[in-house]
Amino acid sequence: MAKQKHRTKQRDIMRSGGGVKVLLAGTDWLTILLCLATSAFGVLLVHSATLRRVPEDALIHRDTMVTIAAILLGLFLAIIMSFVDYELMLRFWYVIAGVCMLLMLMLIPFGQAPNPLRDDARSWFKIQVASQTIWFQPSELLKIAFILSYTWHLHRVKDDINKLRNIAMLGMHAMIPFGMIVITGDLGSALVFLILTMGLLFLAGLKLRWFAAMLVLVAAALPVVWIGFINDFQKHRIYAIYAERMLTDAQYEEIIYQQRQARYAMGSGQLLGKGLFQGGYTQSGSVPECQNDMILSVAGEELGFLGAAAVMLVLLLVVIRLVMVSSRTRNFRARLLCGGVALMIGAQAVINVGMCIMLLPVIGITLPFFSAGGSSNLCLYLAVGLVLTVYRHQSEHEDTRSYFDYLYS
C-alpha cells in the first residue's frame, strides 16, 4: 500500500511538470563534477606532456584529443547507465561478462602490442579507421564485468561465504579473468584484479583466517608464476627495483631509465615547480611515456610538490566520494558495486604512484583520470556509471528513488 501511494505521488509530480526536476535530483552531480574536475586536471597535464609534438596546424596533440573524446563519451554513457537499475545489470551479469571474455579470447589470435619492445604484451586491439589507428584494451572492460559478476556471486553466497566450498568457487571465479589477463601479458591489470578480488571478499565479510590461508597459497604459487608466466623483460624490471645486482650495468641503465628520469623530473620541481609548460624534462621528452604511466612526473616538475600532492588529493577525494555513496545504502549488492569501483581506482592510483617514485617496478598501470588514453578513460567513466546508478536507485530523497516507477507503472 505504501509503495502504491509512493508511485501515485511520483505520477502526480511527473504530470505537474516536475519530471525533469526529479530526474536531475536523482543524478549524483557531486560525483560527476568531482570526476570531471579531476579529468580536466589530467587533460591539462597530458597537453603539457605532448605540447612539443603538437603539429603546426593543430591546437592540441592527438593523444590529448583522444583523451578528451573518451572522457566526454564515457561521461555520456555513464549518465545513460545511471537510468538503468543496477539490479538489472546484475541480473544479466553473464551477458556482460560473456562479451568481455569473448573479447579477451580474441586477443589470443588478434591482439597486438603498441610497444614493439614488448611483443609479449598482446593485450590490445589495433583498429584502423580511415587514416587513424585506434588502440583498444579489453581488459579495462573486463574489470567492470568482474565487479558485476563477482558482486552477484558474493550476493548468492553471502550467508555462507566462509564455507570452504564457497571460497573455492569464488577463487575459481576470480582465476578465470585473472588467467586471461596473464596470458595476454598484462601483469599490471592482473595485479589490479588480485587486489580487487581480495577487497571485495573483505567487504563481503570473509573472515581474516581465510586471507591468511590465501597468502600462503599465493606464496606457494609464486615460484610457478615466476618461472612460467613472467618473461625476462618483466623480471628485469623487478630486479631493477629490488635486486639491482642481478642485472649487468647496461641492463640496469636501460631498465631503470624511465623511472629514474621521472624521479629526476619530480625532484627538479621542488616545492612550487618550474611553471606549467616550462618543465625541462617534460618539454624535452626526457621522460618516456610521460603522458601515460609517468604523468605524475609532469605535475611534480611543472607544479612542484604541491602540484603532485594535489593530484593525489583529488584522487583521494574521488575514492572517498565513492565510499560515501556506498555507505549511504544498506543494500549489500549496491555496497559491493561502489566498493569495487573505489577499490579499482584506488589500487591503480597507488600502483602508478609507486611506479613513479621507484617503490614498485613499471607494470603498465595508468593513473586514473590523469593518464592519456582512450580505452582507459572511457572504461573508467563506465565504472563510475555503476556508482551513479546506485546513487539514483538508492537515494535517500524520496523524489529520486523510483524514477523507473514512472516508466513501468
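Helices here are DSSP runs of H or I with at least four residues, numbered from the N terminus, and valine 311 sits in one of them, H13. This is a predicted model, where local features need pLDDT of at least 70 and side-chain atom pairs count only at pLDDT 80 or more, while totals for chains, interfaces and linings use all residues. Residues are numbered from 1 along each chain as its sequence is written, and side-chain values use heavy atoms, leaving out hydrogens and water.

- Contact means heavy atoms within 4.5 Å; beyond four places in sequence, valine 311 touches Phe41, Leu45, Leu296, Ala299, Leu367 and Phe370.
- A nonpolar core is a set of buried Ala, Val, Leu, Ile, Met, Phe, Trp, Tyr and Cys residues joined through side-chain atoms within 4.5 Å. In the largest one, with 97 residues, Leu154, Val311, Phe369 and Phe370 touch the most other members.
- Helix H14 (residues 332-356) gives the most to this core, 14 residues.

**H11 against H13**
- H11 (residues 249-268) and H13 (residues 295-327) pack at about 25°, with axes 6 Å apart.
- That angle is under 35 degrees, so the pair counts as roughly parallel.
- On the H11 side the contact uses Ala262, Ala265, Met266 and Ser268; H13 brings Leu296, Ser297, Gly300 and Glu301.

Conventions
Axes are lines fitted to C-alpha atoms, for helices over the stretch in contact, and angles run from 0 to 180 degrees between N-to-C directions. Helices (H or I, at least four residues) and strands (E, at least two) are DSSP runs, numbered from the N terminus. Angles under 35 degrees count as roughly parallel, over 145 as roughly antiparallel, 65 to 115 as roughly perpendicular and the rest as oblique. Buried means under 20% relative accessible area, exposed over 50%, partly exposed in between (1.4 Å probe, protein chains only).
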